[in-house]
Amino acid sequence: MTAVATTSPSDVVQEPKPVRASGPTPDAGRSPGTDPAVRSRIAGLRCKNCHRPEAIGPHFVCPACFGGLEVVYDRDAVRAQVSRAAIEARDPGIWRYLELLPVDQAPARGLAVGSTPLIRADRLGADIGLASGRLFLKDDTRNPTLSFKDRVVAIAAARAVTFGFDTLACASTGNLAGATAAAAAALGLRAVVFVPASLEPAKIDHALSFGATVVPVEGTYDDINRLSLEIADEEGWAFVNVNLRPFYAEGSKTLAFEVAEQLGWRLPDVIVAPIASGSLYTKVARGFEELVAAGLVEDKPVKFVGSQPDGCSPVAQAFASGGDEIHPVRNPDTIVRSLAIGSPADGRYAVALARASGGSIVSVPDGATADAIRRLGRTEGVFAETAGGVTVAGLEAAYRSGVIGPDDEVVALITGNGVKTPDAKWYGLGGSADEARAGVPNHPGSAGSGGLASPIEPSYTAFARAGLA
Ligand SMILES: Cc1ncc(COP(=O)(O)O)c(C=O)c1O
Ligand SMILES: [Zn+2]
């Protein structure tokens, strides 16, 4: 079929159109237009920059100032329609928070996304210097395609279906490709995903497993993003993070909703999150804000700490400069491919959030990232991909600089699984990954130091002779 036309500055509808009412069917005497308990929760789209309103649709850019669009809710209607009890009575997964999401009804089909564990991480916390019971890991390595991207894709894909698209696409730094491919498969849509040609083979293979067309592009993520804009317009495809970006971005709020619910409907003192485009980082803050506005949690200050790799840290650099201008990084140079966005769409908003919340945005060397991946695995049994290493290394840096105190209740968002970047953890140990694996010192009996032993004969004598007893 021919898909719905995508947005270009000239074809955006100027005035917001009414959208379908959500919630219970209005009964006699209750007007859907005025009663917050029945009127639509979703008010429309709005420019993040100049606040110009737009209608709900596959629109993503403001025709007046070219700023990005975001979803606006009728907060009175949300407050009237949502409750802790209703959320708690629902099945696990992101759709338990339906009233806080930009979809009228929970989709009947799709992957089981969200409700990932919040793990108390005392051993890692002690290693860093935090008091007992103060560090938690939001383990988003356990989503269907092993990263938090399943959350954002689920929302964009649900909207793609309601808008009538038949092809789901994305411009990916890696994890988004798998998430888009799997969501499309589950919904019976076609998937075409665009990735940097230099991407880790495990991530390409992952997307192929779901029957997607994978297009490696000789260029950076920013080159792919520009190409995607053109293809979205020409082909009428639903690019989850381009023309469906306002809806896609809302998916990251579900991390905030889950963290608050898992803490017993409370907000933590600190969130530590990785930053690529800055969407996840800023939308977790928005999620907390909306929980407060809906009357689901008490308001309290939350510091937002963001982390980037040294080899692609335009947002951390802007934060450190004291200004708010983001200088794009033309050629990212880091093992952290998942965060290699040189021209981050939400960089400016991320810097503003770090400053307003008393947090910070740090950048960490690749060696510290690899070390943090190993340390996280060793102390907590969680195997993270490179973005998770950046988060843990960023947490340590923020602790050392005093932004995070020993008694702060900290939630670190571990957003991707290490099986996607199996060699990254050996970075900086010298030689190839195989050499590093063999070279890890093996001191039997000393807790925490593992390593690959030499093969042994299947006998106890051989085992004892190898010094493993
Ligand atoms: C595992 C992982 N974590 C975090 C991010 C950062 O996402 P954002 O672009 O929303 O800042 C990405 C982006 O690709 C990612 O793959
Ligand atoms: Zn605007």
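Residues are numbered from 1 along each chain as its sequence is written, while chains are lettered from A and ligands numbered from 1 in the order in which they are written. Because the model is predicted, local features need pLDDT of at least 70 and side-chain atom pairs count only at pLDDT 80 or more, whereas totals for chains, interfaces and linings use all residues.

The shell around ligand 1 holds 19 residues, of which Ala276, Ser277, Ser279, Thr415 and Gly416 come nearest; a residue is near a molecule or strand if its C-beta atom, placed from the backbone, lies within 6 Å of it. Eight residues of this shell are nonpolar, nine are polar and two are charged. In this division Ala, Val, Leu, Ile, Met, Phe, Trp, Tyr, Cys and Pro count as nonpolar, Asp, Glu, Lys and Arg as charged, and the others, Gly among them, as polar. At least two residues of the shell come from each of helix 5 (175-187) and helix 10 (279-293), and helix 10 gives the largest share, three residues. Helices (H or I, at least four residues) and strands (E, at least two) are DSSP runs, numbered from the N terminus. Ligand 1 lies between domain 1 (118-146 + 252-426) and domain 2 (147-248), because both give residues to its shell; the domain bounds come from an automatic or database domain assignment.

An open sheet of four strands has the order 8-7-6-9 with parallel pairing. Its edge strands, strand 8 and strand 9 (238-239), each pair on one side only. Two strands pair if DSSP finds at least two bridges between them. Strand 6 (residues 167-171) and strand 7 run parallel and are joined by five bridges, and Leu168 stands opposite Ala191 in strand 7.

In helix 6 (residues 201-209), Lys203, His206 and Ala207 are buried (20 or more other C-beta atoms within 10 Å of the residue's own; exposed, 12 or fewer; partly exposed, in between; C-beta atoms placed from the backbone). These buried residues fall within an arc of 95° seen down the helix axis, so they line one face of helix 6; the arc is that of the directions from the helix axis to the C-beta atoms. The exposed residues Pro201, Asp205 and Ser209 are on the face turned away from the buried side. The cover over the buried residues of helix 6 includes helix 5, strand 7 (190-196) and strand 8 (213-217), with contact taken as C-beta atoms, placed from the backbone, within 7 Å.

Helix 11 (residues 314-321) has the buried residues Pro314, Val315, Ala316, Ala318 and Phe319. These pack against strand 11 (303-309), helix 12 (347-357) and strand 12 (360-364). Gly322 follows helix 11 and has a positive phi near 85°.

Strand 1 (residues 42-47) pairs with strand 3 in the antiparallel sense over five bridges. Ile42 stands opposite Tyr73 in strand 3, and Arg46 has Glu70 as its bridge partner in that strand. Strand 3 (residues 69-73) is largely enclosed by the rest of the structure, because four of its five residues are buried. Strand 1 also runs antiparallel to strand 2 (residues 53-54), to which two bridges join it; in strand 2, Pro53 is the bridge partner of Arg46. The hairpin of strand 1 and strand 2 has five residues between the strands, and His51 there takes a positive phi near 65°.

Methods:
Contact = placed C-beta atoms within 7 Å.
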